[in-house]
Amino acid sequence: MATRVGMVSLGCPKNRVDSEVMLGLLEQAGYQLTPDAQDAEVLIVNTCGFITAAKQESIDTILEMNQYRESGQLRALVMAGCLSQRYQQNLWDDLPEVDAMVGTGEFHRIVEAVDGALEGVRPSFWGEMPVSGMPNPRRLTTPSYTAYLKIAEGCDHACSFCAIPGMRGGYRSRPLGDVVAEAKRLVQSGVRELILIAQDSTIWGHDLYGQPQLPRLLYALQEIPDLVFVRIMYSYPTQITPELVRAMRDLPVIAPYLDMPLQHADPDLLKHMGRPFRRDKTDRVLGMIRDAIPDITLRTTFIVGFPGETEEQFDSLVDFIGTMRFDHVGIFTYSPEEGTRAEGLGDPIPDAVKERRRRQAMLVQRKLVGTVRGRHIGKVMPVIVEEVGDTVSVARGATDAPGIDGVTYVQGQFSVGQVIPVRVIGVREYDLLAEPQK
């Protein structure tokens, strides 16, 4: 009987894709996958190492999973992902509970890691993985109609607060042919929404083709039959060009949706953060996007409590949120991270002040969201059905990314994964209310 393997995946969608590839490789090698940790003979924890809270959650999860040696069937515990890559030998020495370890660079060797763990040899792999020419079986953990499509690995930006380049290496684009081939396989398997992810999606291709080529990729994806939405996440204002905006406007399959993590609005604080753009550039880019695509849905995130952030600088952020009227806003409190340039600045702003600022900024957004989302009332749009109730179905359209944005409540019963046209008739905070359109 095949050995049963379970997976706990923590962190961002990029980590989730890595988990799906690992599951695919293990299944291909003859292992049996199980969602039940109690039943698993091997458990893999794909860790996140982005901020302190995520690191603690990763360690806590590993210790929690180790308890199944007594209460379940566990024979081997494998640690994978960003935390493994970031701390390597230190964690290897500090966590005797772990039987094998793979970092972000060599997660494709997961079968070797599991084989070795079961044999008692404690293997570890921390190298840098190529991004093309790799076998890429995936066992999707998302609903059958949606999937993340990783178009690049690593990051070249030098944001002072971020440890990702140290965990994932420099920016490496996947070649066009690799990305499109995977996209076709996913759509042929029933996926209708592809969500493009990278540390910076807008510079995709610059290292392979001499300049960013995201519009070229979008045109290629447009040609795939049965694809309903392509959604762009993790974009930077510096590379949102008129060519890219025209592609988003002119290609029907590209969702009028853009995720653009801005992190702050004050010019001096942006400089200290090491963000590679200026406030005036951001204002021009947002204006260009909205002029070309009036129905665009814009998502962003901000950090409050960065070292040195004054009340005046925080007020400028709040004013920016109120003026720019984003559809979706996430606010995070600053956390100092080892090995980053900002680490030397300490953590001078008290946690209570950070939390007060976070709540204040989110309150401004909450007061705006009804009006901002209300502009969709009366519009007809396609949505993908996600849940079915007795009289109302839960769906999601171009205006909302899965797991982080709102949903659309549609009158009537439909099938999960079905694509239907609806007319928006109302708003309930972050969610839309709609009726089917014949």
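This is a predicted model: local features need pLDDT of at least 70, side-chain atom pairs count only at pLDDT 80 or more; totals for chains, interfaces and linings use all residues.
User: Which strands stand at the edges of the open sheet of six strands?

Analyst: The six strands of this open sheet follow the order β7-β10-β11-β12-β13-β14, and their pairing is parallel. From one strand to the next, the twist averages 20°. Two of the strands have a single partner strand each, so one side of each is left without a neighbour in the sheet, and these edge strands are β7 (146-150) and β14.

User: Which residue of β11 is the bridge partner of Glu193?

Analyst: Strand β10, which spans residues 193-197, pairs with β11 in the parallel sense over four bridges. Glu193 falls within that span of β10, and its bridge partner in β11 is Phe229.

User: What angle does the direction of helix α11 make with that of β12?

Analyst: Helix α11, made up of residues 242-250, packs on the sheet, where it touches both β11 and β12 (254-259). Its direction, compared with that of β12, gives an angle of about 135°.

User: Is Arg231 buried or exposed, and what is its relative accessible area?

Analyst: Arg231 is found in strand β11, which covers residues 229-232. Beyond its neighbours within four places in sequence, Arg231 is in contact with residues including Glu193, Leu194, Tyr257 and Asp400. Because buried means under 20% relative accessible area, Arg231 counts as buried, its value being 0%.

User: Why is the pair of Phe302 and Phe326 edge-to-face?

Analyst: A pair of aromatic rings is described by the distance of the centres and the angle of the planes. Planes over 60 degrees apart count as edge-to-face. The centres of Phe302 and Phe326 are 6.2 Å apart, and the pair is edge-to-face because the planes stand at 65°.

User: Which residue has its ring under the charged end of Arg428?

Analyst: The charged end of Arg428 sits over a ring at 5.4 Å from the ring's centre. That ring belongs to Tyr409.

Methods:
Residues are numbered from 1 along each chain as its sequence is written. Side-chain values use heavy atoms; hydrogens and water are left out. Buried means under 20% relative accessible area, exposed over 50%, partly exposed in between (1.4 Å probe, protein chains only). Contact means heavy atoms within 4.5 Å. Rings of Phe, Tyr and Trp (its six-membered ring) pair if their centres lie within 6.5 Å; planes under 30 degrees apart count as stacked, over 60 as edge-to-face and the rest as tilted. A charge sits over a ring if NZ of Lys or CZ of Arg is within 6 Å of the ring centre and within 35 degrees of the ring normal. Two strands pair if DSSP finds at least two bridges between them. Axes are lines fitted to C-alpha atoms, for helices over the stretch in contact, and angles run from 0 to 180 degrees between N-to-C directions.
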